[in-house]
Structures are given as structure tokens and as C-alpha cells.
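Trainee: I would like to learn how to read a few features of a model. Please take them one at a time.

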Amino acid sequence: MLSKKRLTTVISTIFVLIVLLLSTFSMYIVQADPVTGKTTFYFVDMFDETQPRSSLDVPLMSTLPSTNSTDLFYPPKIFDGDTEQLTMWFYMWALSLFENLEEFGDIPGDISDLLDGYMILLPNPLRIVQAYDYMGNETVNISGDVSFNIFTRSKLSSKINKNDNLKVSLYAMDENSFFPVEITNKTINIPSKYQEKISPMTILLKDVNYKLRPGTSLLFAVELIPGEKHLTKMIFDNDSILRTLIDPFTTLITSFINNSGNEDLELILELLDLLNEMSGEFNITTDQIAVVIDSLISTSLVYGSQSHPSSVSVPFIAGNTDREDFLTYYLHSDKTMDITSPASSEHSTVSLTSGAASWSGPVLTRNKLISDVSAFLYIEHSDYRLIKTPISVEVTLLSNGQELAKSTQTLSKTKLFESSLLAYQFTFDTIINQIELDYGTKLGLRISLSSSTNGSSLLGPSVSLYYDSLQYLSFISFRISETDHIAVKGVSEPFNGKIIPGGIVTYTLNVTSELSDNITVSVRDSTFSSDEKEQWKIDIVPTSFTVNANGEKTVTVKATSLDRTLEAYTKGPLRAIVDIIGLTGITSFSLYAEVHPDAVTYDFIVRNPHEKEIVHGTSVVYTFEVINNNSGIYPDGYIFTATSENFNVTISPLTVNDVAFQETIFVNVTMNVSKNTDVRDDTLTLTVKSKGKGLEKIGMVNSTIIGATVFENIYDYFDSLAGNIGLKDAFGSYGAYLLIAILLMVLFFIILLMVLLLTTRFAEIICTDRVKEILPTEQAIFEVTIRNPTKKTRSYLLDIELSENEGKWKATMDRNNLEIPPRQSRNVVVIVSSSDVIDADDWTQVTMYVTPEGRRSCYSLDLLTSVKDGSEDLLIDNVYHWPRRFIPSQKVQTSFKLRNKGYIQAKNVKVSLYINGEQKNKVEDVVIPAGGYADITLPWIAGKGKQELHLVVS
């Protein structure tokens, strides 16, 4: 069994032997062409595993052209090539055999498309696929032409056949894609000229329109499509003359190797045997081997060098994808340098032959650490000296004008009357460790010819720096990092940052600084979105402070939840960065706050029902109330179980879900009390368990068990009595019921007899007009009929009684006793009259009593009489004075009669005497019966003049 290293050597050697003769006819021609475009991506070494990789695990293209002077080829060169690269390429060829899905039979169209999409990501011996990962925050609209600027090397067989093609493709894959999606592609024939070895090609994918969203990867593919070669066809054609010559030659060579004893030559034979076995086992055909030979003797891609930087130009500005942790200062025409990438197509130049040129960067706002410094410069030079000596350029790194480090590069040699414009990289190897630059300083760059370069002669070298344009991005890059002078430690309350709606997470930060500094504390805007600001409020106290060297300060940061609804639980956590920024350094602290169910305090209230008395043999339902009292208005579910000390219970419901905050759930527990029990009291227990946290609470209610009722005792008595008289023997358990039924029937008849006796009447009193209204001078006459409803003659005693206003009324009957034959009637007259002192609203009730002789029962009838038109009618009559003639101050008596012509007596009568409108005398409380009169005399003293007299009665 061959080892991996030995097998690698064998595979490489066999390919060398296969194409040894064919590739000797190839020619190499080099020609360069400048690349233009808004952003240019350069293809990098496909076989260099140290190259940065895309998220799709393909090499990331570089935004910088290579400073390597050696060309890279794909497929790799057979002669003067890298054996390891050739072996890896062979492995790619072996894998490419599985890209032919036809070998797997019929595959559904959608699955075939899916697999074809993934094929672009698989290694391929004729296809270079490299990527650009867009890591920006905004969507970029790609609109315009995408230009593939490719260098190719055509071998003699390709120049003869002229049937090699080149396909370029643009793919994209975002977070919503299952596989890369092709945007556009184009295939052209590769032109070749006999005098050129390496030729440039520009292929335009016109009018590309695509929205490049954050997190999207662009894939740029360049694929060679070799045509069939005449020489290969002749070699693998069994009937060809060349094949008949090769076979004897192969036999002769094999015999020679076996007799030579050379291990390397014997290894070639072992590899040939291994390939024969593989071709049989894996069905590798001669046609497939012919394809490999065609690809090796056809056109190759040339890339990755200063002279032939194959690239792709895209119509948008892209960030530096392979140097994300570096800061880049671009050189500008005003002798400044900063992070602004040149956007102009017009470049600036400065002659280094005339003297040194310097650039100054922006002022550092705080201390920084720099390392891995290098300068990338486009330098054009020509040298017309007959005796050429090396030309060197020296780049000096400065800090506020003070030298930090130097780097020198020797420019490539040029032929007579030729100039060279190439990119050179200057690395400052003396900066091994990080250098700290204080705030307020400026990083500078000085470029000059080294002191060893002789430029004094008239035909001396001419050296110029190209910069400040899209095509010539001369810059200095360096790794920049923050210092650790400022540190922060913090604790939060609650410790896990989980709260309920409206809650607060409080962070206590301890900020320390090694140096004196003015420090500000703020939330990084990029981590605190506008949507989050509607849900959260962040307060920082203090937001700025001064600290001494090795001093410290306590800062309080509070994150308050503004959403006090249940939706707050579904909106995700707050993850914000709090920046602590000083002049000497910066640090940050991650703030986490989340409205989460873990912060809920689970609680509920169980309200017990009132106690009850229960008769044994019956059931009772107790209703418990369960109220969700969780903090954070969080819903909950509950599981209910119930037990009784002595009896069986049933419960409804057994469980509930999604009980809202403060919602009340009613739980009914039915307790069934046994009929034959001596228990006098019982305790019913309801256990409620929260589904959220397993919290349990108990509700309890006591019951009093009542013994048998009166009816139960009666039943027990009759049951015993039925046993004594033998009914249970005849009727079993129904004996007691039969005895009770007999008793009830006897009681029924007794009650019926008593009802008949009680309801039998011995007299009936009939009066059709029982209410009368009379004048005070009239009488109310009632005709009352007495009837004997019995079957024998009976005697009756009659009596009347005044029930109201006795003394004002009187009543009489025309008889006091009667004898009435069976079923016959007699009439009795009752007369009611009023006295002369009757009032207007007086009434009376006369009750007539009829008592059958020999019976205790008495029958009665009420008769009602009231006064009609009860009014007073007063009249003054027979007025005279004595003396009839009088003088002033003489006593005079006025006499008169006050008559009552009404039907009722006049009570509380008042008579007043007025002389000339002035009251002189009066008399009160005069009572005059109906039809009567009163003699009244009122004395008074006469005055002077005429006397007008008035009598007023009220």
C-alpha cells in the first residue's frame, strides 16, 4: 500500500509523463492591461490554504493587487510547476467526475436544480470560484456592467485548434437562499495569437441589476472549456499510427525500468498499475483521461502577480474584505492621508527623484496601539543608464514627525527604454510588538529614494509615486487596537437581567483607569435601535466624570421596560453596548435585559366556600374560587385535586390553562355523604398546583353531618312495626311502605270527615246591598235574608253591634229571633240612623250576628253606613244693639242669633266683631247642632263719629 506522500509523488510524476511530449510545444507571451472600475476584486491563490475564506468556504477575493512577481496558473504548469499543486489539481479532477448527474439516473427537476446550484461550490479542475462577503448594514443597488479582466496563456495545441472557450458567471447567495443563484453568465471563444504567450481579455456582463443585501455573498466564477485536441485524439485512438508507435515504445521503457534498479523509476510503474486498477474499479475511461490531457495542454488562467492581476470590476464601492481588522490610510494629493478611499479616476503623481514626499494622518482622539504596519504603493520608474545599479525606495513611519520605523524595497529591473509601473508592499519588520500612540498625535509617512540609489547622472533613474485614484490606491495599513488602560466590572440586579413588564434591570459598573482621564459613558447607538427605544429606557448616572491615575468611579445603568403588556414577553431581549470612552482608552460593557417568564413571581389566591350542614345520604357542592395573582400580569394554568377525611368527592374541572392575571376560576367539588355513617363533622381539602412553577396552595372547608330527619325516624318506626305485625314477611322491604300507605288512607278519611263537619253551614246570611250612604237626617234601611240550609226547622237568635262611632249612631232590628223551616228563608230589617252631633266624615259598621239554637258556631255579616253631603250652613239673624242710640265711650251690646241650617253640627265656630275695620270683640269654640242656633251677645265701646260694624264668622 502506497503512503500518501509517496502516492502524491507518483500521481504527479505520471501526469508529467503523460503530457511531457505534448506540452513542449507551448509558448508564453506576457502583456498587462490596467484595471478600472468602482471596485476591483483580485483573484487570489486557489491552492493557498492561508487565504481568508468566505462564509461559503471558498477563497475571498482581495481588493488589493498582488505584489508577487511570480505568475500563478490554473490548471497548474507541468514543467517548473508546484508538484503539490499539481497533485491537488488531480484530486479536483477526480471529484469533478461526480458532477455528471446523469450517472445517477432520473432525478426530479427541482432536486437536480438544487444539486446544480451546489456544484458551483465544489472543487473543479477547470473553474476558479472566489467570493466577496457583503458585511454592510444597508442594501446596495448593483446597477451597471460587471467586467472580468482575465489573463490567459494559450499553448500550441490551443493556438492550432482555436476551440477553447471561457465562461464567466456571477452568483449570489443570501440568508434566504438554499443554494447559490446565478445572476448572469457569458461564454466566449478564447482568441490566441502565435506570437503571444499571455494575453489579456475583458468580458463584460452588461446591465447587471441586483440588490445586494447585508449578509449576501457574491460568487465570481471563471471556467475554462477546452476543445478537443488533434494530438490527444491520435494518442487515444487505437487505430492511429501514433498509437502503434507508442505501445512498443512503452514496452521497451517498462523493461528498461525493471532492469535498472532505480526506485523512482519503479515507483512510476507502481503508479501505472494503480491507475489500471482504479480505472477498472471506478470506471475511469480513456475518454475521461483524454479530457484531462486536453485541459493540461489547452489554455490556462494566469493570475495573482504584479504583471498579470486577473480581476473583476463591479459597479459599487466595496469594503476591504480580507483586512477587516486593519485600518487603512489612503494617500491624498493635499499631502494628507485618512480612511477616505479615493473615488476619482484621475491620479496624482509625485517625483521621488526630486526628493522625499511626506503625508500626515488625522489626529488621534485617544491612545491607540498599532502593529503589523505596511505600505502599499504604486511606483513607476525607468532607468536609462548603461550600467544599472539597483534602485531602492525607502518608506519611513513617523509619529508627530519622529521616526518610528523604516522599510526599503528594491524596484524591479527594466530593460533599456522601458518603464515599469507596479505595486510594491513595504513591511515594517522592526515593529515586532505593538506601539502605543498617545491621543493628540499624528501618524506620518515619508517616501524617498534610499541613499544607496544614484540618481545624479543625466540619464539616471526616474522614480514617481502614483496615488489618490481608483486605479492607484496607494495607502498605509496597520492593525490598530485599543489600549487596556480603562477597565470595567459590573454586576446586575437581578443577576440574570430577566424582569417582568415595567421592571428595571440595574447595573452597577466599577470603572477604573490606570491614567488620569476624562471619561464619558453612553449607549452605543448601533446596538440600541429605534424599535428598542420604544420598548426600553436606558438611564446612565453619571454620564461623564474625571478620574485620577489608578482611580475608580461607580456608574449606575438602569434599563427600564416601557411595555407593560403581555406582548413584552414576545419581543426579545435588549442587548446593548455601553461604551466607556476616555482620552487614554476605551472599554465597553454588554447590557442585557429581557422581559421573561423566569422573572414572574407565581402566586394565586384560594377563597374557601362557606361551611354547610349536610344530611347523611345526600350530596353537597362546594365552590372554591381560584384567582391568578402572578406578578407581571402573566397567565397561568392550574391542576386541582380534592380529598375528604371520610367521604368520596368529585371535582370539576380537573385542570385549566391560560388563566389571565386577576381572572377568577370556579372549582366545584361535590362531596357524597354516606347514608349509614356515624361521622358528625368532616374537612374537605382542595389542593391547587400552578403549572408555571409548581406552587401549591390548599383550600379547606368544614362540614357538619346531620343525623336522620323526622321522616327517616318515622320510616324506621313503621319499618319496625311492619316487621312486628308480619308485613315484612309478606311484602319484604315494601312492608313499611304498605303500612304507611294504610295509615295515610285512614288519616285521609278522618280528615275528609272533619272537613265535611267543619264546612257544614247551619245558617246563611244574605244582603245584596251592604253599604249605604245617607243624609244626617235620613235612615239606612238594610234588608237581610236569613236562610236555613239544613234539613230541619231551626231557631236562630239575632243580635247587632255598632263597631265604630258609637254614640253618634244607633241601630235597631225589627226582631231578635226567628224560626225557619228547612231550606227556607226569612227577612230581617236593620235600621241605622245618625244623631245630631254627627260629623261630615263619620261612618259606622254594624255587625249582625246569627246564632243557631243549640250550636256554638255563630255567623255574622257586616253592614257599612256613611254620611252623605255632610256640610255646615251658618246664618246670622236678629241683630240688634242696646242702647239703640249711644254717645262716645258708652258701652254698647250687640246681640244676634247664629243659626246652623246644615245637616251636621258646626264645631269650633269663631265670631269676630269689627268697628270701622278694627276688631273690638270675639267669641270662639261655638258648637251649633244641625238645625239649631246660638244666642250671642258681644259688648263694645262706642267711639266718635259714625260707627261701621262688621260680624265675621269662621
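Mentor: What follows covers a sheet, the nonpolar cores and some charged pairs. This is a predicted model, in which local features need pLDDT of at least 70 and side-chain atom pairs count only at pLDDT 80 or more, while totals for chains, interfaces and linings use all residues. Residues are numbered from 1 along each chain as its sequence is written, and side-chain values use heavy atoms, with hydrogens and water left out.

Trainee: What is the strand order in the open sheet of four strands?

Mentor: Strands of a sheet pair through backbone hydrogen bonds, either parallel or antiparallel. Strands here are DSSP runs (E, at least two residues), numbered from the N terminus, and two of them pair if DSSP finds at least two bridges between them. The order is β23-β25-β29-β27, with antiparallel pairing. β23 (486-493) and β27 (536-541) are the edge strands; each has a single partner, so one side of each lacks a neighbour in the sheet. β23 pairs with β25 (residues 504-513) over eight bridges, and T506 in β25 is the bridge partner of E493.

Trainee: Which residues touch the most other members of the largest nonpolar core?

Mentor: A nonpolar core is a set of buried Ala, Val, Leu, Ile, Met, Phe, Trp, Tyr and Cys residues joined through side-chain atoms within 4.5 Å. Buried means under 20% relative accessible area, exposed over 50%, and partly exposed in between (1.4 Å probe, protein chains only). The largest core has 38 residues, and Y132, F148, L166, L212, L218, F220 and F316 touch the most other members. β7 (198-212) is among the strands that supply at least two residues; β7 gives the most, with six. A second, separate core of 34 residues includes A357, A375, Y424 and L443.

Trainee: How many salt bridges does the structure hold?

Mentor: Side chains of opposite charge can pair when their charged atoms come close. A salt bridge is a side-chain nitrogen of Lys or Arg within 4 Å of a carboxyl oxygen of Asp or Glu. The structure holds 19. One of them joins D935 and K897 at 2.8 Å, N to O. D935 sits in strand β54 (residues 933-941) and K897 in strand β51 (residues 891-900), 38 residues apart. D935 is exposed at 55% relative accessibility, whereas K897 is buried at 19%.
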